[in-house]
Amino acid sequence: MTTVTETVPPQEKRSLAKRLAGANSLWIGLVLLVLIAVFGVIDPTHVLTVFNLQTVLIQTSVLLVLSVGMTFVIVTSGIDLSVGTVLVFSGVTSAQTMNALCGGDSTNAGWGVVIVGGVVAVVSGAAWGFLNGWLIARAKIPPLIVTLGSFGAALGAAELLSGGSDVRSVPNALAQSLGSGTSFGGIPNMVIFAAVVTAIGAWLLGTTRFGRYTYAVGSNEVAAQRTGISVTRHLVLVYMLAGALAGLAGFMSLAYFTTTTLTSHGTDNLNAIAGTVLGGTSVFGGVGSVIGTVIGVFIPAVLNQGFVIIGVKPFWQPIAVAIVLVAAVWFDQTRRRARNQR
Amino acid sequence: MLGKQLDTMSASAGQSCRAPDPLVRARRPRPLSALRLTPHRERGQALVAAHEAPDLDPAANLYLGREIKRKGMLGALGMLDKAEMRRRASEEFGRLGVTLQSVDVPIGSLSGGQRQSVAVARSVVWASKVVFMDEPTAALGVVQRERVLDVIRKVRDAGIGVVLISHNMPEVLSVSDRVEVLRLGKRVARFTASEATLTDLVGAMTGALVQEDVA
């Protein structure tokens with residue numbers, strides 16, 4: 001028996017600049033900065049005001065929470081079309097639970113009731129996520145079909161529960177704290193809440209074993225299975241996470257709008273997917289980051305707000321987003337093809 | 001057995017290979033596919049699955065499924081010690097003579113030979129006694145193939161048994177110590193590699209040469 005002794009060859013450590021240049025999120029971040037700068041130059045008096053920033057941030061915070069969950073799902077090379085209606089469903093179950101606890105009207109309910117409402121929202125979302133994940137990972141039905149099914153089913157279930165009309169009584173304690181309150185000299189609580197959730201999501205995906213397995217499953221499911229990762233279990237957990245975050249987003253939406261907004265979340269799923277993909281997460285799986293998603297989510301929001309301010313018809317916004325989105329996927333595909341030919 | 005390389009060859013591709021008794025310490029020979037991964041790890045054995053996650057870097061691939069966590073509370077929450085994994089991966093790659101330009105690019109951007117070397121290293125690092133490799137050099141070019149064979153030799157030199165399953169006779173002769181020829185699911189010949197010739201091997205594979213003492 002011989003032992004190999006050999007000096008370790010110096011492995012070239014990539015410089016930070018080089019690594020950043022290779023990251024999709026850097027480029028999309030630059031696009032965002034350029035957009036803000038362009039709108040800022042065209043109309044500096046309106047664009048960079050506190051009120052505008054607040055509006056953009058609040059409007060985006062619910063979508064951001066959905067998109068964090070979507071990032072995990074898309075990194076596994078899956079898709080979740082159900083997040084918007086799961087949000088609505090969770091809002092309904094949460095509002096109804098809070099009302100039931102207060103004998104029908106929860107407007108003056110205390111913090112205990114609010115916390116129960118939050119838990120109910122998250123659990124309702126996670127339950128849909130579990131159903132999605134189980135059907136995808138165990139029954140091997142394509143994610144597109146499973147979540148298209150739950151997209152319809154969750155909205156139907158929400159309307160069944162609420163009788164088709166919005167639940168309008170929400171605890172004031174919730175609406176005035178999370179919904180419209182501000183902290184630290186004017187930062188909306190909604191934004192802080194979304195930022196905390198996003199930071200936890202970024203930590204989970206970027207630095208933990210759960211995140212590493214998420215990338216591995218998306219990059220090569222067979223390889224992940226062979227190394228002893230339980231792919232089925234992991235996929236179920238990822239879809240549950242996306243569902244739970246949709247539930248949390250439902251709770252946030254409830255706090256902000258003080259109603260369940262049954263009809264206004266039909267395209268949330270598409271917005272979340274667009275934001276995630278714009279942020280450099282690959283629909284082919286294995287690549288992506290929560291930081292990228294943050295940037296990606298703000299691009300449509302900034303475009304929308306910018307067009308309103310500079311007087312361009314807002315109808316241009318979806319067209320502009322569509323162009324950037326398709327270009328982003330095209331870029332990703334070209335890059336992959338170039339890599340795989342080596 | 002330690003430090004030896006054993007080659008088995010089956011006359012037809014896709015035939016299930018039966019692992020010889022002493023290696024797996026099973027009462028009866030079992031098809032290779034029936035052996036689960038976990039008991040392997042415990043016995044210090046590992047299978048080279050030529051699969052890796054192309055979007056992860058070599059260090060991540062090396063430690064996939066066996067990640068090193070941070071110490072303390074953050075580790076308990078599942079946080080990984082990436083620096084430590086990268087450092088140890090560099091060390092292991094150096095030990096096995098796997099040269100990579102960088103340990104933090106996605107493995108998909110490496111050449112086929114480097115990728116395969118990482119896959120071989122992956123299995124070898126976790127093996128302490130024996131590694132099974134099924135056609136590890138298939139689909140590689142001449143240069144890359146040589147690189148993988150070098151890694152295999154280093155593994156052998158480190159005292160780990162390698163069972164190499166291959167149809168490539170010159171390759172078999174160049175890396176192995178002992179050659180077992182399988183034909184129609186049975187061992188039909190056994191050679192010492194240094195004494196065997198290409199003709200012997202091909203003869204045994206096709207049934208032209210029959211050894212009396214085996215089978």
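## Helix packing, strands and a loop residue

Analyst: Let's begin with a helix pair in this predicted model. In chain B, Glu92(B), Phe93(B) and Leu96(B) of helix 5 meet Ala121(B), Val124(B) and Val125(B) of helix 6.

User: How are helix 5 and helix 6 of chain B oriented relative to each other?

Analyst: Helix 5 covers residues 82-96 and helix 6 covers residues 112-126 of chain B, and their axes sit 11 Å apart. The packing angle is about 100°, and angles of 65 to 115 degrees count as roughly perpendicular. That's why helix 5 and helix 6 of chain B are described as roughly perpendicular.

User: Which handedness does the crossing of helix 6 and helix 12 of chain A have?

Analyst: Here we're looking at residues 111-137 and residues 231-257 of chain A, whose axes come within 6 Å and cross at roughly 145°. By class, the residues of this contact divide into 20 nonpolar, eleven polar and no charged. As for the sense in which helix 6 of chain A passes helix 12 of chain A, the crossing is right-handed.

User: Back in chain B, which residue is the bridge partner of Asp134(B) in strand 4?

Analyst: Strand 3 of chain B runs over residues 130-134, and four of its five residues are buried. Strand 3 pairs with strand 4 (residues 161-165) of chain B in the parallel sense, over five bridges. For Asp134(B), the bridge partner in strand 4 is Ile165(B).

User: Is Ile141(A) buried, partly exposed or exposed?

Analyst: Ile141(A) is in the loop between helix 6 and helix 7 of chain A. Beyond its neighbours within four places in sequence, Ile141(A) is in contact with Leu135(A), Ile136(A) and Val146(A). Buried takes 20 or more other C-beta atoms within 10 Å, and exposed takes 12 or fewer. Ile141(A) has 15 within 10 Å, so Ile141(A) is partly exposed.

User: What percentage of the contacts in chain B with a separation of 6 or more come from residues 24 or more positions apart?

Analyst: For background, chain B has nine helices and six strands, and buried residues make up 40% of its 215 residues. Among contacts in chain B with a separation of 6 or more, the share from residues 24 or more positions apart is 65%.

How values were computed: Residues numbered from 1 in each chain as written. Chains lettered and ligands numbered in written order. Predicted model: local features only at pLDDT ≥ 70, side-chain atom pairs only at ≥ 80, totals over all residues. Helix = DSSP H or I, 4+ residues; strand = E, 2+ residues; numbered from the N terminus. Contact = placed C-beta atoms within 7 Å. Axes fitted to C-alpha atoms, helices over the stretch in contact; angles between N-to-C directions. Parallel < 35°, antiparallel > 145°, perpendicular 65-115°, else oblique. Left-handed = near helix turned anticlockwise from the far one by under 90°. Nonpolar A, V, L, I, M, F, W, Y, C, P; charged D, E, K, R; others polar. Pairing = 2+ DSSP bridges.
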